[in-house]
Amino acid sequence: MNKPTPAALFAAFFRIGVTSFGGGLVAYLRDEIVTNKSWMSEDEFLAALEIGQTLPGLNSVNVAIIAGRKLAGPAGAVAAATGLVIPGAVILCILGFLYVRFRKNPDVAAALAGIAAAAVGLLLQVTLKIGAKQFLNPIDLAFVLLTFVLVGLCHVSLPVVLFIVAPFAIILRRPRKEASK
Amino acid sequence: MRELVSLLNVFCLLSLLAVGGGSAVLPQMEHETVTVHGWVSADDFASIYSLGQMAPGPNMTMVGLIGYKAADHAGMPPGFAFAAMIIVLLAFYLPSSFLTYGASHIWDAFHENPWRDSIQKGMAPVTIGLMLAGVHAVGKTASYNPEHSVYFNGLTIAIGLAVTAILFMKHINPALLILAGGVVGWFFLRGI
C-alpha cells in the first residue's frame with residue numbers, strides 16, 4: 001500500500017470537502033481512501049471509523065484525523081482535517097454573509113422557512129434510520145426516551161446525561177463472562 | 001471581547017461533549033446559544049442549522065455562522081464577526097481533534113478489551129435520544145412555531161414529513177430535497 005504525502009492528503013480531502021453535498025461524509029471518505037486511492041484496507045478504515053465514532057467530535061473529522069495520522073503523521077492529520085473542513089467553511093461564510101443581509105427579505109424568509117422545515121425532516125430520517133435497532137429493543141428504547149425527555153424537554157445539561165445516565169446504559173451491557181466459552 | 005471568550009468557552013465544551021457525532025450535541029447547543037446567551041434567536045438557529053445541511057463538508061461547520069451572528073448581534077464590525085466565526089470553528093473542531101489524535105495512539109492497547117463493546121452498545125440509545133432531542137430543538141421553531149398560522153405550521157410539518165418519507169423510499173441526495181423545501185417554502189409561505 002502506497003503512503004501519500006500531506007499535500008496529496010490535503011488535495012484528496014479537499015475534493016471531498018467540495019463535493020460532499022448532503023451529508024453521508026463517511027461513505028465519501030471510504031470511497032476515496034479505500035477504493036480510489038488504496039491508501040488503507042477496508043479493515044483499517046473500519047477500525048479508524050470505530051475510534052472516530054466512539055470519541056467526541058464529528059465522525060468524519062475524526063476519521064480524517066486518524067487516517068491522516070496513520071498515513072502521514074501529524075502533518076497528515078492536519079492536512080486531512082483542514083482539507084475536509086475549509087471548503088464548507090468558505091461556502092458557509094458566503095451563505096452567512098448573505099443570510100445576515102437578506103434574512104428579512106420576505107422571499108428569502110419564506111425560502112429559509114421551507115429549507116429549515118426540510119432539514120428537520122432530514123435529521124428525523126437519519127435518527128430513525130440509524131436508531132432502528134434501538135427503537136425495537138425495550139431497554140434501549142427506555143434509554144432513548146429517558147435521554148430525549150431529560151435533554152429535549154427538561155433541558156437537563158448534557159454532561160449530566162453523559163456522566164449519570166450513560167454509565168447505567170453501559171453497565172447494563174457489561175461484558176458477560178459466561179458468554180465467552 | 002467578553003462575547004468572544006464566552007463563544008470560545010461554550011464551543012470548546014460542546015466539542016468535547018459531542019459523543020456520538022455532531023447531531024447529538026444539537027439540543028445542548030441550541031440551549032446555550034439561544035436560551036442561555038441569546039446570541040441567536042430560535043429562528044436564526046433553525047435557519048443556520050439548515051444552511052449547514054446545504055453546504056458540502058461536515059454539516060456542523062455551520063457553528064461558525066452562530067459565531068458570526070453572535071458577533072453581529074453584539075454590534076461588532078464585520079472584521080470581528082469573521083474573527084468570531086474562525087474562533088468558534090477552532091473551538092468546536094480543535095478539542096475533539098486533539099483528543100482523537102492522542103487517543104488513536106493508545107487505542108490499539110484497548111482493542112481486545114470487552115468493555116469497548118459495552119460502551120458502544122450502551123452509548124447507542126443515549127446518542128439516538130440526543131439526536132431525537134436535536135430534532136425537537138430545531139423543529140420547535142422550524143416545524144411548529146406557535147407564532148405562525150395553522151396553514152404555515154401545517155405546511156412546514158408536511159415538508160419535514162415528506163422529506164423523511166422520501167428519504168426512506170428513494171436513494172436521493174438530501175441536499176436536493178432541502179433545496180426543494182426552499183422552493184416549496186418560497187412558493188407557498190411568502191408574505192404569510
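**Domains, contacts and core**

Tutor: Chain A is assigned domain 1 (6–104) and domain 2 (131–181), with the bounds taken from an automatic or database domain assignment. This is a predicted model, where local features need pLDDT of at least 70 and side-chain atom pairs count only at pLDDT 80 or more, while totals for chains, interfaces and linings use all residues. Residues are numbered from 1 along each chain as its sequence is written, and chains are lettered from A and ligands numbered from 1 in the order in which they are written.

Student: How far apart are the C-alpha centres of domain 1 and domain 2 of chain A?

Tutor: Those centres lie 29 Å apart.

Student: And how many residues of chain A are in contact with chain B?

Tutor: 81 residues of chain A are in contact with 92 residues of chain B. Contact is defined by C-beta atoms, placed from the backbone, that lie within 7 Å.

Student: Which elements of chain A give two or more residues to that side?

Tutor: They are helix 1 (6–19), helix 3 (42–54), helix 4 (59–102), helix 5 (106–130), helix 7 (138–153) and helix 8 (158–172) of chain A. Helix 4 of chain A gives the largest share, 21 residues. Helices (H or I, at least four residues) and strands (E, at least two) are DSSP runs, numbered from the N terminus.

Student: How do the residues on that side of chain A divide into nonpolar, polar and charged?

Tutor: There are 52 nonpolar, 23 polar and six charged. Ala, Val, Leu, Ile, Met, Phe, Trp, Tyr, Cys and Pro count as nonpolar, Asp, Glu, Lys and Arg as charged, and the others, Gly among them, as polar.

Student: Next, the core. Which residues touch the most other members of the largest nonpolar core?

Tutor: A:Ala80, A:Ala119, B:Val88 and B:Val138 do, in a core of 113 residues. Such a core is a set of buried Ala, Val, Leu, Ile, Met, Phe, Trp, Tyr and Cys residues joined through C-beta atoms within 7 Å. Helix 4 of chain A gives the largest share of this core, 17 residues. Domain 1 (6–104) and domain 2 (131–181) of chain A both give residues to the core, so it lies between them.

Student: What does A:Ala80 touch?

Tutor: Leaving out residues up to four places away in sequence, A:Ala80 touches A:Leu9, A:Phe13, A:Ala64, A:Ile65, A:Ala67 and A:Gly68.

Student: Switching to chain B. How many helices and strands are there in chain B?

Tutor: Chain B has eight helices and zero strands. Of its 192 residues, 52% are buried. A residue is buried if 20 or more other C-beta atoms lie within 10 Å of its own, exposed if 12 or fewer, and partly exposed in between, with C-beta atoms placed from the backbone.

Student: Which residues of helix 7 of chain B are buried?

Tutor: B:Leu155, B:Thr156, B:Ile159, B:Gly160, B:Val163, B:Thr164 and B:Leu167. Their cover includes helix 5 of chain A together with helix 6 (115–142) and helix 8 (174–188) of chain B.

Student: Last topic, phi. Where is A:Ser38, and what is its phi?

Tutor: A:Ser38 lies in the loop between helix 2 (25–36) and helix 3 of chain A. Its phi is near 50 degrees, a positive value in a residue other than glycine. Most residues other than glycine have a negative phi.

Student: Is A:Ser38 buried or exposed?

Tutor: A:Ser38 counts as exposed, because it has 10 C-beta neighbours inside 10 Å.

Definitions and conventions: Contact = placed C-beta atoms within 7 Å.
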